[in-house]
Amino acid sequence: MKRILFLFVSLFCCTLLSAQVVLVKGGKAKGRIVRAHGDAQTEAAATLLQEFVQRISGVEVPITRDADKLRKGDVVIGGAANHDAEDGFEITESDGRLYVNTGGGSGAINGVVWLLEHELGVHYYAKDYYVIDAPHKDITLCPPPSQGGEGGGSSPAFRYRQTHSYGCEDPVYRQWFALEEPKDEFIDNMWVHTFNRILPAKRFGKQHPEWYSLLNGERRPGDHSQWCLSNPEVLEACATQLDSIFKANPQLSMISVSQNDGNDTYCHCDACMGIYEEEGAVSGAYIRFMNELARRFPDKQISTLAYLFTCQPPKKVKPLDNVNIMLCDIDCKREVPLTDNESGRWFVDAMEGWSAISNNIFVWDYGINFDNQVSPFPNFHILQKNIQLFHKNHTTMHFAQVNGARGTDFAELRAYMIAKLMWDPYCDADSLQQCFMRGYYGDAAPYLSEYLKLLEGGLLASHKDLWIYDSPITHKDGMLCPQLIKTYDELFDRAEAAVADDPVLLEHVRVSRLPLQYSKLEIERTRSGSDKSWVPEALALFEQRTREYGVKSLNERNNPPAEYCALYRKRFLLQAEKSKALGAKVFYLDVPGTKAPGAKDVTPLGGPDAQYKPIADRALVDGLYGGTTYVESWVGWCGRDADIVLDLLEEKTFTRIETDFLHQLGAWILLPKSGTYEIASEADGAAAVLLSDYAAMP
């Protein structure tokens with residue numbers, strides 16, 4: 001059901017110096033909505049205007065195609081603008097009539113949305129939720145003093161704009177924010193990681209293993225393998241496949257020919273390695289290949305990824321004009337803008353390099369925690385600066401992957417701001433945020449605004465990274481320390497009390513509180529010896545609220561809240577006995593093994609990989625179970641075996657050995673193939689010698 005809030009403030013008076021178009025007066029239609037053309041976009045724009053005018057005034061203004069017999073008071077939609085900017089619009093007045101002209105694409109709809117927001121006081125905030133400033137029996141329209149949309153611009157900063165918000169399930173929401181989806185642009189929805197769709201390894205791998213990556217001396221056909229791009233047969237096979245796809249889909253012109261997901265899986269044959277060396281980057285082989293395809297299909301757009309091992313641009317070859325570079329900042333931290341930390345600067349260097357050789361760039365930005373979507377992620381202060389950065393570097397297409405599912409941290413606000421900033425990166429972002437907070441949370445807005453500011457301050461003061469595979473546990477001594485959590489809870493209590501009599505606004509507040517509730521539960525399971533008497537009730541409330549408000553998943557792996565709560569009770573609340581290894585000493589042996597090609601941050605002698613080093617001496621002996629994400633409470637190895645010795649410090653009696661492993665395919669965390677356990681006592685001389693050696697290790 002649509003939620004409508006009427007704020008009795010009149011916004012329908014034009015200045016005396018402005019031309020006026022009287023559409024409705026005294027509860028009666030004085031004008032019409034005239035469709036200048038019969039296309040779907042013009043029809044949708046006319047229908048949208050008619051629906052909201054009726055909701056505001058109670059009057060159904062007629063829609064007509066009679067553009068040859070115009071009257072005063074008519075709103076004419078779909079004429080040609082004085083520019084051809086895709087999705088752009090222009091609003092003018094002549095002889096008592098208002099014209100919403102379009103530059104193409106969704107321009108007619110975007111022009112109508114501008115009128116509804118700026119002239120009629122309609123504000124769309126989230127799926128099925130909008131606010132109307134005031135009902136009114138008189139509707140008088142004026143053309144804007146400067147033509148167009150946000151910030152006076154009549155066309156969007158990016159020609160393609162996509163978020164990941166659940167709001168797009170509402171077709172009016174998607175129209176309102178001028179959002180697109182891959183199926184609108186890319187043939188057969190082929191827009192990323194398409195190598196295996198174009199040349200499936202199951203079909204071609206057995207007969208042509210030489211088409212696929214050479215890794216560790218052997219060809220590796222597979223769903224995630226890359227192609228051997230120096231092999232001319234691969235180019236011919238790919239071109240043949242594309243020709244068939246293009247002929248079957250004549251309505252669109254863009255397709256992605258891009259590497260499969262996974263890092264460091266590019267081909268290591270001598271010919272490919274020679275290209276990488278000559279170009280100074282792995283991407284050189286990919287751009288050479290895409291240029292050949294682009295020459296064969298000059299009327300098509302060939303999009304390819306600059307992602308992980310292809311992120312850095314080549315030194316010599318330049319992409320042709322119809323080669324689209326889909327540049328991804330997946331490895332960057334999010335606590336500050338991309339220009340302000342080391343990981344971001346690496347990406348900015350890559351972006352500036354691509355910008356120097358291409359004007360056809362698609363930026364895929366990441367703006368939420370994939371492993372713990374329902375947890376605090378205070379990145380609102382960096383959104384505008386990053387989007388401005390993209391715009392300044394020849395980005396024409398932009399996708400902000402915020403995983404904006406129901407229950408994700410302030411999902412509605414984040415999607416709202418990003419959509420607005422995609423249209424105009426230089427508008428007043430603070431005003432946007434405050435407008436949303438007032439409209440979506442009502443009287444609770446001041447408390448939640450203060451919460452967001454405190455959270456942001458706590459993050460920055462802690463000097464902790466914020467990234468897309470984060471955990472609340474990372475921040476338990478920073479922005480989620482006990483003192484701040486107490487303040488956060490008090491603010492949410494006041495926010496709930498402020499809207500207690502409004503069930504819709506109360507729901508908005510309670511959904512936004514779920515990330516804080518989840519964080520408290522996650523942090524508590526890492527504390528030993530603390531009072532956990534409050535946890536069962538808090539867990540039950542979290543389970544109840546997520547069910548009541550339709551929160552389906554806690555992470556990108558689609559783990560449902562009910563499953564999490566059941567596991568929490570079984571794994572963390574019902575731990576009947578303490579580990580015999582509690583407080584033991586941990587020693588890691590150096591085990592000869594094969595290092596994964598291109599693997600980074602691998603500790604050469606013993607011990608887990610560098611990212612796990614900070615907790616390597618205690619993670620296995622602290623008596624706590626690991627969680628659902630690899631960034632906390634786990635130790636891991638990349639491309640090497642592990643040999644671990646636990647010195648219990650005294651003889652102990654036990655009847656079983658249990659070891660926990662994490663299986664997280666999305667992060668390439670895999671179960672071990674096998675394992676061996678050995679038990680030794682100080683009474684065993686050989687064991688005693690070994691233990692002595694371990695003790696001498698640094």
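Modeller: Let us begin with an open sheet of three strands, whose order is S2-S1-S10 with antiparallel pairing. Strand S2 (28-29) and strand S10 (139-141) each have a single partner strand and stand at the edges, so one side of each lacks a neighbour in the sheet. Helices (H or I, at least four residues) and strands (E, at least two) are DSSP runs, numbered from the N terminus. Two strands pair if DSSP finds at least two bridges between them.

Colleague: On what basis do the residue numbers and the values rest?

Modeller: This is a predicted model, in which local features need pLDDT of at least 70 and side-chain atom pairs count only at pLDDT 80 or more, while totals for chains, interfaces and linings use all residues. Residues are numbered from 1 along each chain as its sequence is written, and side-chain values use heavy atoms, with hydrogens and water left out.

Colleague: How many bridges join strand S1 (residues 21-25) and S2?

Modeller: Two bridges join S1 and S2, in the antiparallel sense. Val24 has Ala29 in S2 as its bridge partner.

Colleague: Which residues cover the two faces of S16?

Modeller: A residue is buried under 20% relative accessible area, exposed over 50%, and partly exposed in between (1.4 Å probe, protein chains only). In strand S16 (residues 323-328), six of six residues are buried. Val323, Ile325 and Leu327 lie on one side, and Asn324, Met326 and Cys328 on the other.

Colleague: Which strands are joined to S16?

Modeller: Strand S15 (residues 301-306) runs parallel to S16 and is joined to it by five bridges; here Ala306 stands opposite Leu327. Strand S17 (residues 361-366) is also parallel to S16, with four bridges between them, and Cys328 stands opposite Trp364 in S17. From S16 the chain passes through helix H10 (residues 342-357) to S17 in a right-handed β-α-β crossover. Right-handed means that, with the strands pointing away from the viewer, the path from the first strand over the helix to the second runs clockwise.

Colleague: Against which helices do the buried residues of H18 pack?

Modeller: They pack against helix H16 (503-524) and helix H17 (535-548), where contact means heavy atoms within 4.5 Å. The buried residues of helix H18 (residues 561-573) include Tyr564, Tyr568 and Phe572.

Colleague: Is Phe661 buried or partly exposed?

Modeller: Phe661 is partly exposed, with a relative accessible area of 44%. Phe661 is found in the loop between strand S20 (643-647) and helix H19 (685-696).
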